[in-house]
Amino acid sequence: MRAKDDGALLTEHFERDRSHLRAVAYRMLGSLAEADDALQEAWLRAHAAGVAGVEHLGGWLTTVVSRVCLNMLRSRDRRREDSLDDRPGEPDVDQPGRDPEEEAVMADSVGVALLVVLDTLAPAERLAFVLHDMFAVPFEDIAPMLERTPAAVRQLASRARRRVKGGSAATPAAGTADAADAAGVADAARAETARRRQVVEAFLAATRGGDFTALLSLLHPDVVLHADRMVVPTPEPVVVAGGRAVAQGAMAAMGRARYTGLALVDGQFALAMAPKGRLRLVLAFTVEDGLITRIEVVAEPDRLAATEFAVP
């Protein structure tokens, strides 16, 4: 009877905390499918272990889920060299039985750029940052999961935090101008940065919403889009010229836009597409007088790996 009571207690707590546990797993893994797999594995482990002697079931379940996610991340790292098979072409995100809109909404709620940066972290760094900075789990509680001291875990989280924050959008230096001129230059630079951000965000909104007219209004009539050979893929890079042609191409990529978000790439506002939280391509923009004059679409793994990512 006691075992039955323990099982009922575990079930009650697990279902009550499911949304929290799923949120932890999603931020650890970047994919709803993997997060749900982690929860299933965590439930099996928790059920097998039993809850006898567990004082704080909520914290214990978070620990179980986190350990499962850590193992999945470590396994993913070991497979990293063989993970490029789905990189070319459209991402495999709309699998039968899954809700692509839910995946897209979840990515938006966390931030595509954050998911991309988290995917670059080592498993231990990711766990330390996610649990401490996003869910306020004390370093003392994280340390046993990683078999490290709290001080070492604090360092892991700090290193991850620096990667997440990265740089900021580039601001021109004031040079040798006097203080008043320097302040004016800084204000102008901030205003220009804000305008660039607005243009990039408007481009994403128009693409997601299928608003061809709005998209066309953001493009210079002579805009040029350059896509490397891994974007489509094609034997050679693709070049598209003219506002209407570029806008039509963007409309054809509406599916990709669901998994795309604003990011800082090499210090400039850009768009990153990251289905399942894993970077697939970047759109970098040249903006002049409020209009987009050039779009560089990058999907080649070596070029993506060489970019500096940060959360805007």
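Me: Let's start with S4. How many of the six residues of S4 are buried?
Reply: Five of the six residues of S4 are buried, so S4 is largely enclosed by the rest of the structure. Keep in mind that this is a predicted model.

Me: And S3, how many of its six residues are buried?
Reply: Six of the six, so strand S3, residues 260–265, is largely enclosed by the rest of the structure.

Me: In what sense do S3 and S4 pair, and over how many bridges?
Reply: They pair in the antiparallel sense, over six bridges. S4 covers residues 268–273.

Me: Which residues are bridge partners there?
Reply: Leu 264 has Phe 269 in S4 as its bridge partner. Thr 260 has Met 273 in S4.

Me: What do S3 and S4 form, and how many residues lie between them?
Reply: They form a hairpin, with two residues between them. Asp 266 sits in the turn and has a positive phi of about 55 degrees.

Me: What about S4 and S5, how many bridges join them?
Reply: Four bridges join S4 to S5, and the two strands run antiparallel. Met 273 turns up again here: it stands opposite Leu 281 in S5.

Me: And S3 to S7, how many bridges?
Reply: Two, and that pair runs antiparallel as well. Val 265 has Phe 309 in S7 as its bridge partner.

Me: OK, zoom out. In what order do the strands sit in the sheet?
Reply: The order is S2-S1-S6-S5-S4-S3-S7. That makes seven strands in an open sheet, with mixed pairing.

Me: Which strands stand at the edges?
Reply: Strand S2 (238–241) and strand S7 (309–310). Each has a single partner strand, so one side of each is left without a neighbour in the sheet.

Me: How does S1 pair with S2?
Reply: In the antiparallel sense, over four bridges. S1 is residues 219–227. His 226 stands opposite Val 239 in S2.

Me: Which helix packs on the sheet around there?
Reply: Helix H12, residues 243–252. H12 touches S1, S2 and strand S6 (291–298). Its direction makes about 55 degrees with that of S1.

Me: How many helices and strands does the chain have?
Reply: 14 helices and seven strands. The chain has 312 residues, and 44% of them count as buried.

Me: Pick Tyr 26. What does Tyr 26 touch?
Reply: Leaving out residues up to four places away in sequence, the list includes Leu 32, Glu 103, Met 106 and Leu 115.

Me: How many aromatic pairs does the structure hold?
Reply: Two. One is Phe 14 with Trp 43. Their ring centres are 5.4 Å apart and their planes are at 70 degrees, so the pair is edge-to-face.

Me: Which helices do Phe 14 and Trp 43 sit in?
Reply: Phe 14 is in helix H1 (residues 2–16) and Trp 43 is in helix H3 (residues 32–49).

Me: Is Phe 14 buried or exposed?
Reply: Phe 14 counts as buried, at 2% relative accessibility. Trp 43 counts as partly exposed, at 26%.

Me: And the other pair?
Reply: Phe 203 and Phe 285, also edge-to-face. The centres are 5.0 Å apart, with 65 degrees between the planes. Phe 203 lies in helix H10 and Phe 285 in strand S5, so the pair ties together parts that are 82 residues apart in sequence. Phe 203 counts as buried at 5% relative accessibility, and Phe 285 is buried at 11%.

Technical notes
Residues are numbered from 1 along each chain as its sequence is written. This is a predicted model: local features need pLDDT of at least 70, side-chain atom pairs count only at pLDDT 80 or more; totals for chains, interfaces and linings use all residues. Side-chain values use heavy atoms; hydrogens and water are left out. Contact means heavy atoms within 4.5 Å. Two strands pair if DSSP finds at least two bridges between them. Axes are lines fitted to C-alpha atoms, for helices over the stretch in contact, and angles run from 0 to 180 degrees between N-to-C directions. Rings of Phe, Tyr and Trp (its six-membered ring) pair if their centres lie within 6.5 Å; planes under 30 degrees apart count as stacked, over 60 as edge-to-face and the rest as tilted. Buried means under 20% relative accessible area, exposed over 50%, partly exposed in between (1.4 Å probe, protein chains only).
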